[in-house]
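Trainee: Could you take me through one part of this model up close? I'd like to see how a single piece sits in the rest of the chain.

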Amino acid sequence: MPETQDSSNHLPAAITAGLRPELFEDEVSRLLSRKTLIIVLAALVVTGFAFRAIGLSREGLSDDELNKLAAVNDYRAHGLTGANGEHPFLMKALLGVSLIASEHWNGSSFVASRPKLNVPVEAALRLPVAIFGALVPILIFLVAAELFGSEAGLIAAALWAFDPLIIGFNRIAKEDTFFIFFFLMACVFWVCSQRIAEAGSPQKAQRWYWLTAAAMGAMLASKLIGMMIAIPISYNYVFQKIPTTRWVIGKRRVIKVFIIMSIVFVIMSPTIFLPETWKSMANFSSSRAMGHDSYEFIGRLYPHRFSDWLRGEPWYFYFVLLATKLPLLSVASFIVGCVLMWKKRIGDGRYFLYMWMILWLLSFAGVGGKFTRYITTVMPAVFITAALGIQFVGRAFAHLLSRLLNRQSTKIYAHAAVVVVVIAVGCWAAIYAAPHYRLYYNPIAVGRIIFPQDDFYDAYMRDTMNEIAKRASVNAHVASEISNVAEYYTNRANRPDLVCFELSDPNALKQLQPGDFVIDARGRTYFSNQAMLTRLRAASKPAFNVSVGNTPAADVYILDRQSLDALLGK
């Protein structure tokens, strides 16, 4: 990336001279060489990847992940199809490459003699997400360094690398990690174009506009959330009426940006031309593809369609998520950073964070259907804001300590100590939560599982079906709310005779007989099954339980006549 003047040994700090933050003089840029910064970033990437990649197969596949696997298998068997067409193609293509590579690896003579090196399907399916999630700190650093300086960039990058909530999302085969990766890449190109234009080279800035457009096309080919395009564009237009602003993109260039973005999207998601894809997208957007009717949040069921709006999960869903899922010091730092955002001296880069968080909240807080993983797309802004808070507290503490001790030399060490403590607490939280990172809660949650469906994410199903396979008689029935996952793991356990169906299907329940199985999984209670499960729990005790780590996750009932009658309400 091109550098500002007098920065031959350091990465760029602020976008422009006029927007340079006064509150935080960037000491890190002066003290650390480019080589040292690269080494630190490399260490964050490597360590972050270790958290994300080690034990990737410890949890069974979820319903959503199995749909991705089915889509990849469908592509391999029939070419490009509309399988899982409600989601764009790019992620599934990367998952396909990973699965094919793992098959070749597992089939090699080297691995044949070393079975411990075999890569399970679960790990192969999740590995691309882990890789992209581990690389995100580089992009966070580049964006934050442009806006607020290298120190804020490094802190924000470290918060992402070690945060247990984010690590958990980076260990599941879903699109959000790819989306935020390419969004941040677009933001890097965008703010870089502004700095170059402001430095007196508007023509040279154009290539960065086109790179921004290409990254946005890849972003949409990962997940169709068009509103995120508005964030950098809105930030751009905040400054358009200022006479001294040189990075006015203009209407013609905006049109070119959208044309390039569309071309890249089509190249990276060619299945958009298939009628099956449009049918899947229509079913998804109309909630006809919604598998279940509700979502459990703080022990209560809420309607779960997007169109339920304020009747669905409460507007404060994501605020509770941030308050309970981040390490306490990260929560406190974010609150301090939000207060600091009102200070002009922090620099005009704060408007970028304003746009990001406000537009995100307007898009996600009011819809009825929410999942915790959706917050991935705003977490870099949260971590950058928290980094500003950490930076402020560190310098305030350093100033206070130097006055008390009457030693200016203590400033740098005191400031560094605050930064290290906050990052170390986040790292320890990740170590403590491993390998089931999504189950991490800070003390504010007081030991409660607040988001059970997303916290467990069906991680218990493989172990559950393996145990059922050992106990079940021939042609036994298994009722659960994720029959596709149950069937997949019964086949993996060499029990294709077992019949798996949905617990919420009243017609299928008529097939149940004594000796059959019912899986009562945490987070899989819905309006459609709540009454029958309540009766079953009162009438019988589970035959066995399955935990994820040390956390109880599922109760499995072997039906007798009394429990079967209770389940059916007889």
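Predicted model: local features only at pLDDT ≥ 70, side-chain atom pairs only at ≥ 80, totals over all residues.

**A covered helix and its surroundings**

Mentor: Let's pick helix α14, and start with what lies over it. The cover on its buried residues includes α8 (164–169), α15 (328–340), α16 (350–364), α17 (379–405) and α19 (452–456), along with strand β1. The helix itself spans residues 317–325, and seven of its nine residues are buried, with buried meaning under 20% relative accessible area. Those seven are Phe-317, Tyr-318, Val-320, Leu-321, Leu-322, Thr-324 and Lys-325.

Now follow β1, one of the elements covering α14. Strand β1 takes in residues 294–297 and pairs with β2, residues 300–303, in the antiparallel sense, over four bridges. At one spot in that pairing, Phe-297 stands opposite Arg-300 of β2. The hairpin has two residues between its strands, and one of them, Ile-298, takes a positive phi near 50°.

Buried residues make up 56% of its 570 residues. Of the contacts with a separation of 6 or more, 73% join residues 24 or more positions apart. As for overall size, the radius of gyration is 26 Å, which agrees with the value near 25 Å that a compact globule of 570 residues would have. The C-alpha atoms fill a box of roughly 80 × 60 × 55 Å along the principal axes.

Methods:
Residues numbered from 1 in each chain as written. Heavy atoms only, no water. Pairing = 2+ DSSP bridges. Buried < 20%, exposed > 50% of the residue type's maximum accessible area, 1.4 Å probe, protein only. Contact = heavy atoms within 4.5 Å. Rg over C-alpha atoms; globule rule 2.2 N^0.38 Å.
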